[in-house]
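Biologist: I would like to learn how to read a model like this one, feature by feature. Could you take me through it, starting from a single residue and ending with the whole chain?

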Amino acid sequence: MHQDLAEKALAIHRRLCGVYHCPIPYFHDLDPVSELISSLLSHRTRNAESGRAFKALRARFNDWDSLIAAPTEEVQALISGVTWPELKAPRIQAVLRAVQERAGSLDLGFLRDLPVPEARAWLEAIPGIGPKTSAAVLSFSTLRMPALPVDSHHHRVAQRTGLIGPKVDVGPAHAILRAQLPADWDAQALYDNHEVLMLHGQRCCFHRNPACGRCALLDLCPTGQAREGARAPWETAALHP
Ligand code: SF4
């Protein structure tokens with residue numbers, strides 16, 4: 001891995017930690033299987049909607065074994081507010097069934113005793129669990145393991161700042177971005193890294209019109225410099241009076 005990129009990744013982390021005030025408090029306190037369900041619900045869905053769907057499942061089922069046994073149409077109706085409920089309902093049931101078969105129960109606490117790459121591989125061997133979901137389960141749940149999730153905001157900021165190339169998808173980006181950060185970082189440090197890049201994507205590096213003129217990363221970002229350089233002088237003057 002290129003040393004320059006490791007230094008840049010660290011510089012971006014420090015800069016954004018200053019802006020968004022690390023350490024960032026964990027937003028979830030869910031057991032790993034609950035976090036797995038929450039993560040499967042959240043794909044391409046607003047947090048408010050996936051949160052509502054998760055609460056509806058929690059309210060309806062006393063335990064997650066009952067969710068596996070429930071009619072799929074009922075699960076689909078409970079999560080109708082998320083994107084693609086007709087795909088997510090059977091997928092969630094199939095994933096939970098696979099966990100039950102492979103682990104012997106719906107308890108993923110044993111993952112805590114595995115090294116992170118092995119824990120991720122165990123999860124990703126189940127069809128329907130990709131790198132983002134496996135990292136979310138390890139990092140966001142009560143396992144609190146040092147794994148780095150990459151969502152679409154995180155991915156966009158990493159691409160625009162040049163940490164990853166323009167053709168690197170979210171899946172492969174997980175290993176590349178993790179390798180750029182110090183190997184001995186703990187769970188909180190990696191969580192902070194994900195959170196600050198995600199927050200930056202939500203609050204400044206917008207999908208359509210990134211606010212490069214007020215971005216704390218402008219001097220580190222080739223995309224922002226190209227955009228600012230392409231502005232007409234009167235536009236730049238309006239941003240920097
Ligand atoms: S300078 Fe612009 S493109 Fe680069 S990270 Fe900031 S907002 Fe995004």
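**Reading the model**

Modeller: Let us start with Y26, which sits in the loop joining α1 (3–20) to α2 (32–42), and bear in mind throughout that this is a predicted model.

Biologist: Does Y26 count as buried, exposed or partly exposed, and why?

Modeller: Burial is judged by counting neighbouring C-beta atoms, and a residue needs 20 or more of them within 10 Å to be called buried. Y26 has 16 C-beta neighbours inside 10 Å and therefore counts as partly exposed.

Biologist: Which residues does Y26 contact, once its neighbours within four places in sequence are left aside?

Modeller: Y26 is then in contact with F140 and Y191. Y191 is 165 residues from Y26 along the chain, yet their C-alpha atoms are separated by 8.2 Å.

Biologist: F140 takes us to another helix; how many residues of α8 are buried?

Modeller: Helix α8 (residues 131–140) is mostly covered, with ten of its ten residues buried, and the buried set includes K132 and S134 as well as V137, L138 and F140. What covers these buried residues includes α2, α7 (116–124), α10 (170–180) and α11 (187–203).

Biologist: Where does A89 lie, and why is it classed as it is?

Modeller: A89 belongs to helix α6 (residues 85–103), and it counts as buried because 26 C-beta neighbours fall inside 10 Å. Not counting residues up to four places away in sequence, A89 touches T72, V75, Q76 and I79; the C-alpha atoms of A89 and T72, which are 17 residues apart along the chain, are separated by 6.2 Å.

Biologist: Turning to the ligand, how many residues surround it, and which are the closest?

Modeller: The shell has 14 residues, the closest being C205, C212, C215, C221 and G224. The elements that give two or more residues to this shell are α9 (152–160) and α12 (222–229). By residue class, the shell divides into ten nonpolar, three polar and one charged.

Biologist: What does the UniProt record place at residues 41–203?

Modeller: The unreviewed UniProt entry gives "domain: HhH-GPD" for that range. In the model, residues 41–203 are 64% helix and 0% strand, with the end C-alpha atoms 23 Å apart.

Biologist: Finally, how many helices and strands does the chain have, and how compact is it?

Modeller: The chain has 13 helices and zero strands. Its radius of gyration is 20 Å, close to the 18 Å that the globule rule gives for 241 residues, so the chain is as compact as a globular protein of that length. Buried residues make up 36% of the 241 residues, and among contacts with a separation of 6 or more, 62% join residues 24 or more positions apart.

Key: Residues are numbered from 1 along each chain as its sequence is written. This is a predicted model: local features need pLDDT of at least 70, side-chain atom pairs count only at pLDDT 80 or more; totals for chains, interfaces and linings use all residues. Helices (H or I, at least four residues) and strands (E, at least two) are DSSP runs, numbered from the N terminus. A residue is buried if 20 or more other C-beta atoms lie within 10 Å of its own, exposed if 12 or fewer, and partly exposed in between; C-beta atoms are placed from the backbone. Two residues are in contact if their C-beta atoms, placed from the backbone, lie within 7 Å. UniProt positions are given in the numbering used here, feature names are shortened, and annotations may be inferred rather than shown by experiment. A residue is near a molecule or strand if its C-beta atom, placed from the backbone, lies within 6 Å of it. Ala, Val, Leu, Ile, Met, Phe, Trp, Tyr, Cys and Pro count as nonpolar, Asp, Glu, Lys and Arg as charged, and the others, Gly among them, as polar. The radius of gyration is taken over C-alpha atoms; the globule rule is 2.2 Å times the number of residues to the power 0.38.
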